[in-house]
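Work through the exercises below with the sequence and the coordinates open, and try each task before reading its solution.

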Amino acid sequence: MEILGPESDGRKVAEDTCKHWHDVLAHAAPRDHVVQLYQDQDFLNRAVCRFAGAALANGEGVILVPTTEHWNAFRPRLEAEGVDVKTAQDRGQLTVVDADELLPRFMRHTMPEAPVFLGLAGEIIARTRSAGRFPKVRWWGEMVNVLWERGDVAASMNLEDLFDRVAHEQDIAIFCSFVMDNFNGEIHTHMLPRLGENHSHLIPVEDYVRLERAVADALRETVGPTEARVLESQLLSKYQAPFTMPRAQALLLALRQVLPEVAGPVLQRSRDLYTGLSA
């Protein structure tokens with residue numbers, strides 16, 4: 001059964017070897033651009049503190065650009081995990097910039113002004129590198145999500161393109177987080193393909209094992225066990241997902257692309273099973 005065309009030379013990411021998000025964030029490398037979808041504060045806290053804490057432990061410089069509300073949630077968690085936040089800030093290893101203050105400095109007529117943003121980002125990164133003390137730098141921020149939650153989708157995606165440029169030009173790892181529902185069909189149809197244009201890794205949910213089980217069960221319930229096995233094999237062997245992600249997530253996106261009439265019921269059932277709402 002030929003569902004998709006031949007594999008291209010692009011990155012094949014529907015793999016069983018996709019690392020858990022803990023490892024993706026702990027070992028984020030220069031030019032990685034990781035995006036997290038979240039809906040609860042605890043997941044955001046765990047992810048950002050994993051990203052920042054690992055960098056600080058490794059002697060890397062860290063830039064965090066949170067809202068005040070979120071920084072007030074991150075700081076006590078970092079300290080509970082053994083990070084001396086004040087000392088890290090005093091020695092220049094940790095830089096915290098208020099997202100709501102930085103964002104207006106480069107926005108012009110509802111869109112980011114590229115030269116201004118790139119200049120500001122370059123200055124912040126240069127200060128963090130501190131003349132060679134912390135040459136390896138990571139950046140997490142939520143200015144893109146601030147724009148997204150305002151409904152400024154075009155500006156948000158434009159800023160993500162600029163951050164991807166920063167990741168490559170400045171040779172740093174970048175991590176961002178969006179308030180998005182991974183089980184929303186519109187997100188699958190429109191936003192995830194767009195995010196795949198400027199990110200290297202997707203963290204769609206917190207529990208990858210539960211997602212794998214939910215998607216597998218939902219597909220079997222929707223099309224039957226035999227057809228489910230054939231679909232899964234064919235889709236994952238051919239599909240060229242745009243970024244590294246859990247295998248089950250790649251299956252959902254492949255299904256949306258090839259069999260949208262099946263993708264809708266499978267996605268909804270996956271949500272119910274993942275969230276424990278199954279009958």
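**Exercise 1.** How many disulfides does the structure hold?

*Solution.* The model is a predicted one, in which local features need pLDDT of at least 70, side-chain atom pairs count only at pLDDT 80 or more, and totals for chains, interfaces and linings use all residues. Residues are numbered from 1 along each chain as its sequence is written, and side-chain values use heavy atoms, with hydrogens and water left out. With a disulfide taken as a pair of cysteine sulfur atoms within 2.5 Å, the structure holds 0 disulfides. Cys49 is in none, and the nearest cysteine sulfur, which belongs to Cys176, is 17 Å away.

**Exercise 2.** Determine whether Cys49 and Cys176 are buried or exposed.

*Solution.* Buried means under 20% relative accessible area, exposed over 50%, and partly exposed in between, for a 1.4 Å probe and protein chains only. Cys49, at 2%, is therefore buried, and Cys176, at 3%, is buried too.

**Exercise 3.** Find the bridge partner of Gly141 and place its strand in the sheet.

*Solution.* In E7, the partner of Gly141 is Cys176. Strands are DSSP runs of E with at least two residues, numbered from the N terminus, and two strands pair if DSSP finds at least two bridges between them. Strand E6 (residues 137–141) is joined to strand E7 (residues 173–179) by 4 bridges, and the two run parallel. Both belong to an open sheet of 6 strands with parallel pairing, in the order E3-E2-E6-E7-E1-E8. Its edge strands, each pairing on one side only, are E3 (94–96) and E8 (201–203).
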